[in-house]
Amino acid sequence: MSAQARKSPLRAAQATGRTIALRAIPTEPDRAEVRQATAQDYATHLRASNNKHGRPYTEKTVTAYTKAVRALDQWMSREGMEEDFTSLDTATLNLFFRAYYESHNQGGTNTVQRNLRPFFTWMEEEHDTANPYRDKKLQRYAPPKAGKPQTLSADFISDLLRATGNGHPRVREFEKLRDHAIIRVLTEGLRAEELLTLRLDSLDLTQGLAQVVPLKDARSTGEGRVIPLQPRTVIALTRYLRARETHKLSDSEWLWLGTRNRARLTYSGLYRMLNRRAKEAGYEGCHPHQFRHTATDDMLSAGMSGEDVMTIQGWKDPTMLRRYAADMAVSRAVKAARKMGDRY
């Protein structure tokens, strides 16, 4: 038979051009292998199911849920447990959470406990096992109390912009132009994920606007929100787009490209960039979400109404506005009172 005749007519085979090796199922698997197979089945279930809002689980959610299952599996292996997941009881799960708490903080334990709940609901339905989450003896780990957000100082942001060229027209280095534009856009109040998912067609620099892709529950509306850009942000983006044309991957739809001709910027790359620039400016560092807190304070300090701030920031619940505004509430109140001067 010729080589041409041996080619598979299947579309998948034509696309890959190679043989896919299937995972061999052991004839007498040990319990660790059974647990791993169960975790794989659970991941398949998530990718084929919808969440409580009637939408498919995002890959980020699938990763978070299955990561919690792997953490439980790894702990059982370290403890020498030969049982599979079907035999787990409340007492054993309490031991796992306590061990996890000792090596992680309270927030991390609360997260893994929350992310394991759908798994045991699935186990209850799929394998007819008892659900430990229905047992009052399960030890709950509450989320840590949310502290007041840390608003960035004007001096810090100015120094950070200065470390990236300060928008000088003679700066032509791609990385500096990109980083300067990113910092400028962060001062508009975007979430990190919103910034990283910007595309070229998200910008209307003529009108000074950016269309932000909705996140999480807001995706159901099918529409993003419009962010008005500061004039200097428009200039920074214009200069970055000119430099972007020289990038090897300039045909990409994504706005932010990596350095050294690498693909689109990731969250870890954004985080590293901000900390590197902060250290260059003489500071310890920062994280992207602090810019969102700062933008909220800037808008409220400028006299913008709470309703308008909620529209710009993409909030539907005023609770978020109160939480973000709490950090500098006293400072804004003092400034407002001083503007009144002598009242009598």
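In helix 3 (residues 59-78), Ala71, Leu72 and Trp75 meet Thr92, Leu93, Leu95, Phe96, Ala99 and Tyr100 of helix 4, where contact denotes heavy atoms within 4.5 Å and helices (H or I, at least four residues) and strands (E, at least two) are DSSP runs numbered from the N terminus. The model is a predicted one, in which local features need pLDDT of at least 70 and side-chain atom pairs count only at pLDDT 80 or more, whereas totals for chains, interfaces and linings use all residues. Residues are numbered from 1 along each chain as its sequence is written, and side-chain values use heavy atoms, with hydrogens and water left out.

Helix 3 and helix 4 (residues 90-103) pack at an angle of about 100°, and their axes are 11 Å apart; axes are lines fitted to C-alpha atoms, for helices over the stretch in contact, with angles running from 0 to 180 degrees between N-to-C directions. Helix 3 is therefore roughly perpendicular to helix 4, given that angles of 65 to 115 degrees count as roughly perpendicular, those under 35 as roughly parallel, those over 145 as roughly antiparallel and the rest as oblique. By class, this contact of helix 3 with helix 4 holds eight nonpolar residues, one polar residue and no charged residues, with Ala, Val, Leu, Ile, Met, Phe, Trp, Tyr, Cys and Pro counted as nonpolar, Asp, Glu, Lys and Arg as charged, and the others, Gly among them, as polar.

The largest nonpolar core has 49 residues, of which Ile182, Leu195, Leu237, Trp256, Leu270, Leu274 and Phe291 touch the most other members. Such a core is a set of buried Ala, Val, Leu, Ile, Met, Phe, Trp, Tyr and Cys residues joined through side-chain atoms within 4.5 Å, buried being under 20% relative accessible area, exposed over 50% and partly exposed in between (1.4 Å probe, protein chains only). Helix 7 (residues 174-186) gives the most to this core, with seven residues.

Leu270 touches Ile182, Ala192, Leu195, Leu196, Leu265 and Pro288, residues up to four places away in sequence not being counted.

An open sheet of three strands has the order 1-2-3 with antiparallel pairing, two strands being paired if DSSP finds at least two bridges between them. Strand 1 (203-204) and strand 3 (225-228) stand at the edges with a single partner strand each, so one side of each is left without a neighbour in the sheet. Four bridges join strand 2 (residues 209-212) to strand 3; Gln211 has Val226 as its bridge partner, and Ala210 stands opposite Ile227.

Gln313, in helix 12 (residues 306-313), is buried, with a relative accessible area of 0%, and its contacts beyond four places in sequence include Glu188, Arg225 and Met299.
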